[in-house]
Amino acid sequence: MSTATATPDLLAAIVAATRRIVAVREQARSISVLARGQSRDPRGTEFEQALAGTGAPGVRALARVIAECKRRSPSKGILREKYEPAQHARAYEQAGAVAISVLTEPAFFDGHPDHLRDVRAAVAIPVLRKDFVISEYQLVEAAVLGADAVLLIVGALEQRELTELLGAADRLGLAALVEVHDPGEMERAVEAGARVIGVNSRNLRTLTVDLHVLDRIIGDVPDGVTAVAESGIRTPEDLARLTAAGYDAFLVGERLITEPDPGAALRALRGA
């Protein structure tokens with residue numbers, strides 16, 4: 001009799017928790033009431049241009065980095081005891097980040113919607129809501145909080161959901177970073193009409209990181225689609241190699257937030 005146990009599917013657990021959390025929030029405040037709190041229009045186009053390097057010139061001469069504010073990760077635990085998202089975001093902006101990613105997922109990452117609201121008030125560059133988006137309600141939340149873009153994880157969504165959420169994000173003015181981990185998910189992202197595709201070297205079901213994933217999948221990104229490399233990026237040499245491979249931008253989190261001075265760490269990573 002086998003004693004082997006199945007590897008826990010962390011992505012499925014997070015998505016299930018997210019569905020419960022969102023249902024509670026929506027019951028407390030309907031989507032129509034929520035939408036009334038929106039005070040600015042998302043700048044989704046600016047987010048897309050910043051990643052593609054087609055916006056205003058300047059810091060984009062170096063590697064284009066989305067710098068992430070994240071207090072905790074399921075694999076590493078607490079990443080930063082004294083977590084001050086607005087302060088970290090300002091430091092990232094000054095160090096040349098083209099956008100800020102903010103974790104708002106509460107159960108596994110210690111995120112909170114207020115973290116995004118605080119970051120939005122602190123910086124002028126585009127802000128990405130990093131969460132496990134499974135409903136239009138969360139898109140409206142993102143717009144109300146001040147986000148310019150959202151993360152859509154292909155592995156967390158059925159194809160119909162992915163296509164509908166992409167359309168809803170467009171209508172709200174939000175850009176979408178559509179995240180994939182394998183060729184099948186890349187095919188689904190392209191079919192759904194994604195304009196910005198993030199290739200995550202981390203398997204969200206097991207949390208293992210394989211940087212070779214980034215090399216294997218970049219060739220599947222169509223012309224005209226912005227490619228973003230995610231996870232496991234630690235050195236300027238990583239940025240140079242992946243830029244040469246065809247990536248337009250990079251999302252970096254743990255490498256920066258665990259440093260005493262996250263802004264200085266970003267400058268060093270970008271070779272500034």
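Reader: Leaving aside its neighbours within four places in sequence, which residues is Thr226 in contact with?

Author: This is a predicted model, in which local features need pLDDT of at least 70, side-chain atom pairs count only at pLDDT 80 or more, and totals for chains, interfaces and linings use all residues. Residues are numbered from 1 along each chain as its sequence is written, and side-chain values use heavy atoms, with hydrogens and water left out. Contact means heavy atoms within 4.5 Å. Beyond its neighbours within four places in sequence, Thr226 touches Leu51, Ala52, Arg195, Val196, Ile197 and Asp248.

Reader: Is Thr226 buried or exposed?

Author: Thr226 lies in strand E9, residues 226-230; strands (E, at least two residues) and helices (H or I, at least four) are DSSP runs, numbered from the N terminus. Buried means under 20% relative accessible area, exposed over 50%, and partly exposed in between (1.4 Å probe, protein chains only). The relative accessibility of Thr226 is 9%, so Thr226 counts as buried.

Reader: How are H7 and H8 oriented to each other, roughly parallel or roughly antiparallel?

Author: The axes of H7 (residues 136-145) and H8 (residues 159-172) come within 10 Å and cross at roughly 25 degrees. Axes are lines fitted to C-alpha atoms, for helices over the stretch in contact, and angles run from 0 to 180 degrees between N-to-C directions. Angles under 35 degrees count as roughly parallel, over 145 as roughly antiparallel, 65 to 115 as roughly perpendicular and the rest as oblique. H7 and H8 are therefore roughly parallel.

Reader: Which residues in H8 do Glu136, Leu139 and Val140 in H7 meet?

Author: From H7, the residues taking part are Glu136, Leu139 and Val140. Their partners in H8 are Leu165, Ala168, Ala169 and Leu172.

Reader: What is the phi of Asp110?

Author: Asp110 is placed in the loop between helix H5 (106-109) and helix H6 (113-122). With a relative accessible area of 27%, Asp110 is partly exposed. Although Asp110 is not a glycine, its phi is positive, at about 55 degrees.
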